[in-house]
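This report describes the fold, the helix contacts and selected residues of the protein shown below. Please keep the sequence and the model at hand while reading.

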Amino acid sequence: MKDINNTFIEKLHECNQHKNRLLTAKSHLQKYIPIDKNGYSVLGDIEMGFIDQMIFRFSKLQDTMGEKLFPSLLELMGEEVKSKPFIDRLNRIEEFGILYKNEWMALRKDRNEIAHEYSFNQDEVIEGINLIFSSSHKLLAIYDTFVSYVNEKFEFVKNSQILQ
């Protein structure tokens, strides 16, 4: 059980890093968002770097949660997860009150929209930036709810020195 506990703590730590970097990027971009064509055309390399950081960290946070944390939580709860499809895992996480399945799926759709970030269509790029900026608060809220849940459920999480 110790290995799964350590892996779980490592993944929480990784997600904390994604969360903190996402918040930093959003803080730097706050004054530009919502962005329009005129605003986008005058962004410099630094601002574009924060846009890249925001998009990357949003994607990484959601991927790590869905692919690592959710299955690990179910394993910690004594459930078989390897044979379950993702939607069944998501249903169980919803039953714990951590998220709403439809909201999570909408966030996945938003994440997929940013695949056009380097599109030649500037309108798509701008729309994607605004979308991820506005959607990120939902993803962060789900993560915070997840962390609160596991802190209440598992002493090893609450007592972890890595997560302090």
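## Overall fold

In sequence order, the protein follows the pattern α-α-α-α-α-α-α. It has 7 helices and 0 strands; helices (H or I, at least four residues) and strands (E, at least two) are DSSP runs, numbered from the N terminus. The model is predicted, and local features need pLDDT of at least 70, side-chain atom pairs count only at pLDDT 80 or more, while totals for chains, interfaces and linings use all residues. Residues are numbered from 1 along each chain as its sequence is written, and side-chain values use heavy atoms, with hydrogens and water left out.

The C-alpha trace spans about 55 × 35 × 20 Å along its principal axes. Of the 164 residues, 41% count as buried; buried means under 20% relative accessible area, exposed over 50%, and partly exposed in between (1.4 Å probe, protein chains only). Among contacts between residues at least 6 apart in sequence, 72% join residues at least 24 apart, where contact means heavy atoms within 4.5 Å.

## A cis peptide bond

Most peptide bonds are trans. The bond that joins I33 and P34, however, is cis, with omega about 0°. P34 lies in the loop between α1 (2-29) and α2 (37-41).

## Nonpolar core

A nonpolar core is a set of buried Ala, Val, Leu, Ile, Met, Phe, Trp, Tyr and Cys residues joined through side-chain atoms within 4.5 Å. The largest one here has 47 residues, and those with the most contacts inside it are F8, M54, M65, L73, F146 and V150. At least two residues of this core come from each of α1, α3, α4 (86-95), α5 and α6 (122-153).

F146 is in contact with F8, L12, L69, F70, L73 and I98, if neighbours within four places in sequence are left aside. Two of these partners, F8 and L73, are also listed with F146 among the core residues that have the most contacts.

## Contact of α3 with α5

The axes of helix α3 (residues 45-76) and helix α5 (residues 101-113) come within 10 Å and cross at roughly 135°. Axes are lines fitted to C-alpha atoms, for helices over the stretch in contact, and angles run from 0 to 180 degrees between N-to-C directions. The two helices are therefore oblique to each other; angles under 35 degrees count as roughly parallel, over 145 as roughly antiparallel, 65 to 115 as roughly perpendicular and the rest as oblique. The crossing of α3 past α5 is left-handed, a term that applies if the near helix is turned anticlockwise from the far one by less than a right angle.

On the α3 side, the contact is made by F58, S59, Q62, D63, M65, G66 and F70, and on the α5 side by W104, L107, R108 and R111. By class, these comprise 5 nonpolar, 3 polar and 3 charged residues. Ala, Val, Leu, Ile, Met, Phe, Trp, Tyr, Cys and Pro count as nonpolar, Asp, Glu, Lys and Arg as charged, and the others, Gly among them, as polar.

## Contact of α5 with α6

The axes of α5 and α6 come within 10 Å and cross at roughly 140°, and α5 passes α6 in a left-handed crossing. The residues in contact are E103, W104, L107, D110, R111 and E113 of α5 and L131, I132, S135, K138, L139 and I142 of α6. They divide into 6 nonpolar, 1 polar and 5 charged.

## Selected residues

F58, in helix α3, is buried, with a relative accessible area of 0%. Leaving aside neighbours within four places in sequence, F58 is in contact with L22, L107, R111, I132, S135, S136 and L139. F58 and L99 are 41 residues apart in sequence, and their C-alpha atoms are 17 Å apart in space. S59, also in helix α3, counts as buried at 14% relative accessibility. Not counting residues up to four places away in sequence, S59 touches R111 and I114.

R111 belongs to helix α5 and, at 17% relative accessibility, counts as buried. With neighbours within four places in sequence left aside, R111 is in contact with F58, S59, Q62, D63 and I132. In helix α6 lies G128, which is buried with a relative accessible area of 9%. G128 and K68 are 60 residues apart along the chain, and their C-alpha atoms are separated by 26 Å.
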